[in-house]
Amino acid sequence: MLAAVRSAALVGIDAYDVIVEVDAAQGLPQWTIVGLAASAVKESRERVGAALVNSGFKVPSRRITVNLAPADVRKEGTAFDLPIAIGILVATDQLNAVCIARRMFVGELGLDGALRTMRGALSIARHALRAGVATLVLPGPNVAEAARVSALHLSAPSTLADLVRELRNGILTPAREIPVGSIQNGDGTDFADVVGQQAAKRALEVAAAGGHNVLLVGPPGAGKTMLARRMPTILPALNEEEALEVIAIHSVAGVLGRSNVNEGMRPFRAPHHSISSAGLIGGGSLPRPGEVSLAHHGVLFLDEMLEFPRHVLDGLRQPMEDAKVVIARASQAVTYPARFTLIGASNPCPCGRAADPSGACSCSTVDIERYNARISGPLADRIDMHVTVGSVALRDLSSKTNSDSSAAIRSRVERARATQRNRFAKKPGISCNAYAIGRWLDAHTPIHAEARKLLQTAAERLGLSARGYHRVLKVARTIADLENISEVAPSHIAEALRYRPRSRPETVIERQPAGVIAE
């Protein structure tokens, strides 16, 4: 007898229909799985066979053929265990085919018949709703993410035996919805903890308001990492669409359980400088999202940025420009979204003391130039704001300051973001100034005549590229939004220009007093 069970598979963060066809014919006992199945899928015959026997079902001595259609697309993962088991039961007359109509089945099976977690449940749930599926049957641990598709009926039996019993009775028990946690700052970090560094705090507030990239340069212990790790506390909350995208990426990557994005937090990724290009950008023989995609709608923090290999850093150029990563292989091309805010932190020289006013640096000019050249000019040009973070005097560390809290800064950032959403309401995919097309923003932004003249004069003297020119304008527009001013004034342009390097980006680091912004 032939059985057909509806399931789904993943390509990138999207899902597509897979029909699991099972034929149980007379002949020598043999299992064959076809349809471009990867090794993990082919191994399902051992898991499924043991799960059926240990759940009290019969596995007749027949020639069983399993086809995963469409057969010309490679299938991977363990989520086909459950539909294969259901297909075998239907093909061997142990379950009526009517019981599985308009239902989709996904999930891994243990040898005892228990349903175990899988990757990409949210993507499959969104696809199931669009495809008109009445009920999605999946493992219990995946209910929290799949339940975000509120219009879809879910069922999450604990074992294969429980599922078959409910199918025979004609009623599937609805999955118990797990409430999503409220947004909380779990580690208690706050900008009020940072002593001094007003220039760096201001730069990060501007960056959060407009989605701009920042490079923090300063000696060891100045507080660069401390500042960067507090960036998520001043970012606005994810809206529903953004949250679905972020959770889908983390689910496909298999890291959802180790992250807090399911609680509504924006992702914060801080890879070590020993990471490979595939780990940062994405890739592998079976493409997986990299750190740039895991930081989608959040922050990618590169501590000790100049310690990353130059070819790895240069891989950031295309994602920073296009907000996506395309991983091409001989069999397919997979696209992952990658719209993130980059925060880099680095020392000004190998010893880290080039900006120390005491002159303690022991590095030669050649050493400093070679060290700073690890960031290529095109990559540095894509970084909107270059900020020097000076050392804090030891006597000030114990002083009590009235620094703004993260909550206060976040309220200003949210007001600025609301202004930008209204500005780009008719521009789909653009939510803040950093993502806008430079020429469009230039044409539709009210700019004071003196501000325009200052920008053009400074662009010529600094030798800004067209990209650099528009990025200065974007930062100035964000500064005006923070002040709730519709017209960009000369003061906004002046502040934005102070965040641009005066010369070639690789050699911009100079000895400067503590707390001074790189000009």
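Buried means under 20% relative accessible area, exposed over 50%, and partly exposed in between, using a 1.4 Å probe and protein chains only. By that cut-off histidine 297 is buried, at a relative accessible area of 12%. The model is predicted, so local features need pLDDT of at least 70 and side-chain atom pairs count only at pLDDT 80 or more, while totals for chains, interfaces and linings use all residues. Residues are numbered from 1 along each chain as its sequence is written, and side-chain values use heavy atoms, leaving out hydrogens and water.

**Backbone geometry**

- Most residues other than glycine have a negative phi, and most peptide bonds are trans.
- Histidine 297, not a glycine, has a positive phi of about 65 degrees, and lies in the loop between helix 11 (291-294) and strand 14 (299-302).
- Helices (H or I, at least four residues) and strands (E, at least two) are DSSP runs numbered from the N terminus.
- Aspartate 93 also is not a glycine and has a positive phi of about 65 degrees; this residue sits in the loop between helix 3 and strand 5 (103-105).
- Aspartate 93 is exposed, at 59% relative accessibility.
- The peptide bond between alanine 69 and proline 70 is cis, with omega about 5 degrees; proline 70 is in the loop between strand 4 (63-69) and helix 3 (81-91).

**Glutamate 108**

- Glutamate 108 belongs to strand 6 (residues 108-109).
- The side chain of glutamate 108 makes a polar contact with the side chain of threonine 78, at 2.9 Å.

How values were computed. Polar contact = N/O pair within 3.5 Å; in protein donor to acceptor, adjacent residues only side chain to side chain.
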